[in-house]
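Subject: Structure handover

Hi,

Here is the structure for you to look at. My notes on charge and aromatic rings follow below.

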Amino acid sequence: MFSSAKKIAFALAFFSLFAACSQEKNSLNKFYGADANYFSGLLALKENDSEKAQKYFFRASKKASYWAARRSMRQLCLLGDVQERIKKCADYLKKYDDDDARLFVCKEYMADKEWARVIEATERVDLSVCDNSLAALRLQALAKKNDSRFDQAVYDWFASRRVSDVHYEFYKQNARDELEEIITGADEERPQFSDFAANKDFVLQFRIAIYRGNYNAAFEMLEGIRALTIELARVPLTWQLAADMGRACVYGNNEDIKNAKWFDDLARGDLVDKKIKYYAMIYSGLLYNKNDNYRRRALKQFEAALAFAGDDGERDQALWYYLQSCLKISTEEAVEGLQKYAPQFCQKEYFDDFFDSLSVLLFSGGKWELFEKVFLSIKDNASQATVSKYAYLAARVMESQMSGIDKNKIESYYRLAAESYPGSLVYYKLLAAKELGYSPEQVGKMFFGSAVNGADVKTKDAATEIGSKTKNASITEIGSKTKKAPPLEAESARKLLLGYADFGLGELIYDEWKYFFDKDKFMIDLDTVVRLSDFLRRMVKESNDYYSKSLRMIARSANLEGVQISRAAFELLYPQNFLAPIKAAAKEFEVDDYLMFALVRTESFFEPRVQSHAGAIGLTQLMESTAADCARRLKVQDYNLLDPATNIRFGTYYYSTMKKRLDNSGVLALFAYNAGITVVRRWIRSSKIELNERGDLWSDMFLETLPFAETRDYGRRVVSAAAMYAWLYDGKNPCDIVNELM
C-alpha cells in the first residue's frame, strides 16, 4: 500500500497531468473555435457515445468553417434511426447541392432501400459528366423500381462517355444473359437493325468489347456500328463511339490506309460536332502513321485536328501525336516540329515522355549537335524537369567535343539546369551542380534559394501554425499560372487536416488529403503537407502503413511543377525508415547505407508487404528465385521475404554481389539490380558503339542510351536519392556522391 506522502504525491502528479491535458484541450478548443466541435464529435464516436457526438456535430454544422461544418452535417446523416437519417440526408443535400453530396446521400438511401429517394435526388444529374458511381446508383434505383427510363438511361450513360471500371461492373451485374453471351462470343447472331432496343444493346456490346481490349471482336462489329450510326442513322453518332471505332481499326485490323481514308472522309463530311471531327482526324492520323509511306500524311491529319480541338487537353494530345509521328520520320523532323509547335504546349508535363524518347534517339543516332537546338526550342515551353535535363545534356555534349567550345555558354547551361525547379525530380540539378563544382553550401542555396526557403521548417503543433491565411508562397509560378482553390475552402480544408492531427485523429488524414488533392492539387500548400506527413511518419508503431502514406503525401505534393522545396520537405521525401536493419545490412556487406535507403525507397516506397505484377516481393523487391539464391549463399534455411529485416539483408547482399561483378560500379550495379547483369553487359557494348567510346564509358551518358524508359528512370531516381540521403543525414556533398556513383 502507498504511504500517505506517496498518495499525496501521486495525487498531485495525476492532478498536474490532468491539468496539463485539460489545459492543452482548452487551448485547442479555443484555437479551433467552432471547428473543435467536429473533432470532439469524432472523439465521442470513438468512445461509442453517439448522443454526445450528435450534440457536437450539430453545433459544428451551424457555426464551423466550411469543411468542418460540411463533414459534421455528413456525420449527422449516419446517426439516429432510419427516418431521422433520411431527413438529415435531405437537409444535407439541400445545403450542399453538388455531386459529392448526392453521391454520399444516395449511398445512404441505397443502404436503406430508399430507391425512390435516389431517383428523386438524381433527377437533374447529367449522366454524361457526373461521377460514374453516382450514375450507377441512379441506374440501380431505376432498375429496382422497374422504371421505364432505365434502358434509355443505361444507353445514354454508356454511349456518352469513355467506358470505365464502374461501367463494366454495372454491366456485369445488370446485363441480360443473352447480351453477355453475345459479348463473350457464345452467340454469333447480330440484331435486326429495325429493332431500336437491339440496336442500343449492340452499341453497348461494341463499347464493352473495346473496354476489354477485345479489338478483333470489336472490328467484326464495326460494319454494324457504322450502319447504325451513319448509313441508317438509327443510333446517334457520338465522339465516344467515333473514338472507339478508331481503336477497333488501329488495334483490330491491318487495312490501315483504307480505314484511315474512311476517317478522313468522316472528318471532312457534313458533321456538326467538332469533337467527332477531332477524333476522326486523330485516328486517321494514327492509321496513316502505321505505314512508313504515309507518315507525312499522318502529320497533316494531326495538324488538321488542332483546328477542331475543344480544349487544352485535346490540343496537347494532337501535338503529342504530331511530334511522335515526326520522331518516326527522323530526329531532325522532330526538332523542326518542336521549333514550330513548342510555344503552343499547354500542360507542359504531358510531353515529358516524348522528350525522354527523343534524347535516346539523338544519342543512338549520333545527333549530339541537336541537343542544343532542342534546348533552345523548349527552354520557355517545356516542363522544368525537361528544361533542366536538356540544359544539362546540351552542355555535356558540347563539353565532350573538346574543341571550339564556348566555356561561358556551357557554364550558363549548367547553371540553368541547376537553378530550375522541377519539383522533386532533382537528378539533372545534381549532375549540373557536380559539373559546376558546387560546395555543400552552394547546393543548399541551389535547392532552397533564400534563408526563408532554406530554413528548417520545424514541425510544430498544427494549432500554432494555422492562424494565417493559406499560403501559396511555396508555389513558384514559372511560365504559367498557378491554380488556386477558392480561398475560403482552401483555408478551411487546411484547418480540417491539421485539426485531425492536433486532436489525435491521424487515421483520417491521408484519405481526406487525397480527396482535396484530387479536387485541386494546389489546395493544400506544401508547408501544411510537411507537417501532416511528419505527423503520420511519427505515428508508425507496429504497423508500417503510415510510412508509405506519409511518403506518398509529400511526394505528390512536392512533385508539382514549379514547387520549391524546403529542407524539412526533403527529409520527409527521403526518410530513414527501417533505420536499424538498413544500417546493419549495409555494414555487414560493406555497402553505403545511404545507397540502400535510396534503393529501398525507389523499389518499394518503404511498403514492406508490396508485391509487383512480376512477382517481386517486399522492401527491396526480390524475386523468389533471387531470394532463394541469396538464402543459399548466406546459409539461411527458413526466411520470410515480408519480414523487413530479412528482405533488406537479402537485397543488400544481392546488390553487393552485382557491384563486385561490375568492377565496383555503383550505377551499373543498380542497373543490374533492376534489369539483370547479362542485359546490362549487352547495353554497355551497344552504348560504347553509339557513343564512340573505346575506353571508360561516361555513366551519365550511358544511362541516357538505355533502351528501357523504366530502367533509365530507375537509375535517375536511385542516384539522386542516394545523393540526397548522404547530404541530408551524413553531411556529405551530394555532388561527390553523384561523382562516386556515376
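Which helix gives the largest share of the positive patch? Helix H37 (residues 677-690) does, with three residues; helices here are DSSP runs of H or I, at least four residues, numbered from the N terminus. This is a predicted model, where local features need pLDDT of at least 70, side-chain atom pairs count only at pLDDT 80 or more, and totals for chains, interfaces and linings use all residues. Residues are numbered from 1 along each chain as its sequence is written, and side-chain values use heavy atoms, leaving out hydrogens and water.

The patch itself consists of Arg661, Arg681, Arg682 and Arg685 (patch residues have over 30% relative accessible area and no salt bridge, with like charges joined within 9 Å; a salt bridge is a side-chain nitrogen of Lys or Arg within 4 Å of a carboxyl oxygen of Asp or Glu). Arg685 lies in helix H37 and counts as exposed because its relative accessibility is 54% (buried is under 20%, exposed over 50%, partly exposed in between, with a 1.4 Å probe and protein chains only).

On to the rings. The whole structure holds 59 aromatic pairs (centres within 6.5 Å; planes under 30 degrees apart are stacked, over 60 edge-to-face, the rest tilted). Phe31 and Tyr32 form an edge-to-face pair, because their planes meet at 85°, with centres 5.3 Å apart. Phe31 is partly exposed at 30% relative accessibility, whereas Tyr32 is buried at 1%. Ring pairs also join a cluster whose members include Phe345, Trp368 and Tyr390.

Happy browsing!

Methods
Patch = residues over 30% accessible without salt bridge, like charges linked within 9 Å, V, L, I, M, F, W, Y side chains within 5 Å. Areas by Shrake-Rupley, 256 points an atom, 1.4 Å probe, with all protein chains shown as cover. Lys, Arg positive; Asp, Glu negative; His and termini not counted. Charge placed at Lys NZ, Arg CZ, Asp CG, Glu CD. Helix = DSSP H or I, 4+ residues; strand = E, 2+ residues; numbered from the N terminus. Phe/Tyr/Trp six-rings, centres within 6.5 Å; stacked < 30°, edge-to-face > 60°.
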